[in-house]
Amino acid sequence: MEIRDWDAVVVGGGAAGLSAAQMLGRARRRTLVIDAGAPRNRSAAHMHGVLGHDGLDPAELLARGRSEVAAYGVAVETGAVAAVDDLGDRLRLTRADGTVDTARAVVLAAGVVDELPAVAGLAERWGRDVLHCPYCHGYEVAGSRLGVIATSPASVHQIELVRQWSDDVTAFTAAAQPLDPTVSARLAARGIRVVDAPVSALEVSEDRLAAVVTADGGRHEVDAVFTAPAPRMELGFADSLALARNADMPGAPLVADMTGATSHPRVWAAGNIVQPFGNVPLSMGSGSMAGAGANAALVAEDAAQAVSARRAERNAGWEQRYAESDRFWSGRVNATTAAVVADLAPGAVLEIGCGEGADAVWLAEHGWTVTAVDVSETAVARGAAAAAARGLAIDFRAVDAVGELPEGEFDLVVSSFLHSWETDFPRIGILHSALDRVAPGGRMLAVSHAAPPPWARELPAHMPPMLTPAEELALLGADPEVWEVERAELVARVTTDPDGNPAHLDDGVLLLRRRS
Ligand SMILES: Cc1cc2nc3c(=O)[nH]c(=O)nc-3n(C[C@H](O)[C@H](O)[C@H](O)COP(=O)(O)OP(=O)(O)OC[C@H]3O[C@@H](n4cnc5c(N)ncnc54)[C@H](O)[C@@H]3O)c2cc1C
């Protein structure tokens with residue numbers, strides 16, 4: 001069976017899910033909506049309180065939503081997601097019919113199921129003249145005989161609210177008893193009749209609600225009733241993700257922040273699954289935020305992947321350079337580095353960008369305990385061979401100095417001519433990491449090319465600028481409370497130019513000491 005891979009899959013195609021899909025589609029994300037086709041308000045013929053769509057059939061809103069998201073390339077398919085599993089860089093969604101999709105991000109917008117009170121005849125009238133929200137449907141029944149069937153003590157709020165829409169209200173309070181005396185006083189003062197006998201059935205006549213029948217044989221004529229069903233989250237399909245739930249709220253909705261982010265880094269949530277009492281506009285708003293939130297995370301992931309791909313490309317360039325010849329560097333210690341280090345008492349040293357190990361070997365021969373790193377495996381292997389040939393124990397490691405420097409504290413962290421012809425080589429970032437590895441009282445030494453060779457006149461345009469130690473010090477921003485600048489100067493190194501004439505090079509020497 002074909003497994004399709006998406007940027008995002010939205011579970012649930014109601015107001016929240018389609019709004020999330022709209023944002024994702026407009027953000028040009030490959031998006032799939034999987035919808036089981038049972039939106040919460042499907043039993044209502046008209047929708048209210050939805051600006052710009054007042055009185056619209058809820059099914060029509062979703063039909064419009066589907067065609068709008070389709071215009072942005074979003075696929076909408078009918079189905080029920082039965083399992084979501086974490087594959088690390090993807091989530092796998094398996095439907096009840098066995099269809100499997102994978103996605104980098106998932107938006108859960110599966111809504112809630114209303115647990116209606118167990119009253120004979122009530123479920124059949126749900127969404128018609130058995131209502132839940134006076135803001136959604138109160139205006140249409142305003143002034144008529146209204147009942148409120150309490151489902152818990154919290155229903156007192158609904159009873160008092162409904163009074164705003166009619167002065168003929170009967171409250172069926174069996175599930176809310178005992179009423180607090182102050183509540184009873186308020187209901188009485190507002191002319192609300194209180195019936196505390198349990199409700200046993202609804203009486204319907206000519207397809208209209210006629211009366212509420214109570215267990216004591218009472219018959220109470222009404223035109224419509226309100227009741228607050230318990231919201232049930234059917235989230236078993238996402239159990240393996242162990243998403244955080246808000247246990248204090250009815251239905252234990254998912255915990256999500258303003259952008260819909262849940263406790264799982266690849267999962268967002270929106271609509272009633274997060275706010276069980278939210279209406280259509282709220283669900284659309286949270287869906288919209290969740291779609292944008294998921295896209296923002298994908299944007300960040302795309303950038304991180306591009307950075308690591310670029311890093312791998314840069315590193316491969318070094319490896320290729322070393323691999324192209326038997327030996328790349330002279331095999332002699334860098335004279336400027338040796339001259340500076342000769343004045344320091346030996347201890348533990350970390351060398352960053354050790355190349356073929358000439359400096360590391362020199363350091364070990366001068367009493368230092370050396371850890372030497374370079375990004376090229378070939379270079380490091382040559383260094384290790386050179387050390388072995390001299391009977392020196394040096395800890396050579398092939399690691400990227402960007403983010404992979406060995407942990408620990410060193411008396412000296414040294415880098416000699418750690419340059420690159422790549423403009424995005426993060427030299428200053430690496431020197432920052434170098435500072436982090438310096439023990440109290442220890443030093444960071446950066447020896448650098450501070451200017452192009454005199455015969456080169458100017459650098460090729462694609463090369464990063466060569467900075468003086470003072471300029472690099474400013475970029476490093478080393479806290480003077482922590483770092484003492486022992487040297488930040490240019491040192492002339494005598495050499496010969498390509499024609500064999502005497503010349504000199506400007507080496508930069510930056511030596512910082514961490515105060516104890
Ligand atoms: C009777 C009634 C009338 C209402 N009237 C109004 C009104 O007039 N105005 C108003 O603003 N609000 C009204 N509401 C509230 C409104 O219905 C909700 O706020 C809104 O539907 C929530 O949107 P949602 O996208 O979170 O969930 P839903 O609209 O419930 O959509 C969830 C979707 O996810 C699907 N789904 C669930 N599980 C899965 C799965 N595992 N795999 C795939 N799909 C799945 C469901 O089948 C459903 O299609 C009413 C509610 C009720 C009960």
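Me: Let us start with one side chain: is Trp-6 buried or exposed?
Reply: This is a predicted model, in which local features need pLDDT of at least 70 and side-chain atom pairs count only at pLDDT 80 or more, while totals for chains, interfaces and linings use all residues. Residues are numbered from 1 along each chain as its sequence is written, and side-chain values use heavy atoms, with hydrogens and water left out. A residue is called buried under 20% relative accessible area, exposed over 50% and partly exposed in between, using a 1.4 Å probe and protein chains only. Because the relative accessibility of Trp-6 is 9%, this residue counts as buried.

Me: In which strand does Trp-6 lie, and which residues does Trp-6 touch?
Reply: Helices (H or I, at least four residues) and strands (E, at least two) are DSSP runs numbered from the N terminus, and Trp-6 lies in strand 1, residues 4-11. Contact means heavy atoms within 4.5 Å. Leaving aside residues up to four places away in sequence, Trp-6 touches Arg-30, Thr-31, Leu-32, Ala-75, Asp-101, Thr-102, Ala-103 and Arg-104.

Me: How many Å apart in space are Trp-6 and Asp-101, C-alpha to C-alpha?
Reply: Asp-101 is among the residues that Trp-6 touches. In sequence the two are 95 residues apart, but in space the C-alpha to C-alpha separation of Trp-6 and Asp-101 is 7.5 Å.

Me: How many helices and strands are there in the protein chain, and what is its radius of gyration?
Reply: The protein chain has 12 helices and 24 strands. The globule rule, 2.2 Å times the number of residues to the power 0.38, is compared with a radius of gyration taken over C-alpha atoms. For 516 residues the rule gives 24 Å, and the chain is well over this, so it is more spread out than a compact globule, with a radius of gyration of 36 Å.

Me: What does the C-alpha trace span along its principal axes, and what percentage of the residues is buried?
Reply: Along the principal axes, the C-alpha trace of the protein chain spans about 115 × 50 × 40 Å. Of the 516 residues in the chain, the buried ones make up 46%.

Me: In what order do the 5 strands of the open sheet stand, and which strands are at the edges?
Reply: Two strands pair if DSSP finds at least two bridges between them. The 5 strands form an open sheet with parallel pairing, in the order 8-15-9-10-11. Each edge strand has a single partner strand, so one side of each is left without a neighbour in the sheet, and these edge strands are strand 8 (130-131) and strand 11 (193-195).

Me: What is the bridge partner of Val-130 in strand 15?
Reply: Strand 8 pairs with strand 15, residues 224-227, in the parallel sense over 2 bridges. Within this pairing, the partner of Val-130 in strand 15 is Val-225.

Me: How many of the residues of helix 11 are buried, and what covers them?
Reply: Helix 11, residues 427-436, is mostly covered, with 7 of its 10 residues buried, including Ile-428 and Leu-431. Their cover includes strand 18 (348-352), strand 21 (410-416), strand 22, helix 12 (469-476), strand 23 and strand 24.

Me: Where is His-137 placed, and which residues does His-137 touch?
Reply: His-137 is placed in helix 4, residues 134-137, and is buried, with a relative accessible area of 16%. Not counting residues up to four places away in sequence, His-137 touches Ala-44, His-46, His-48 and Leu-131.
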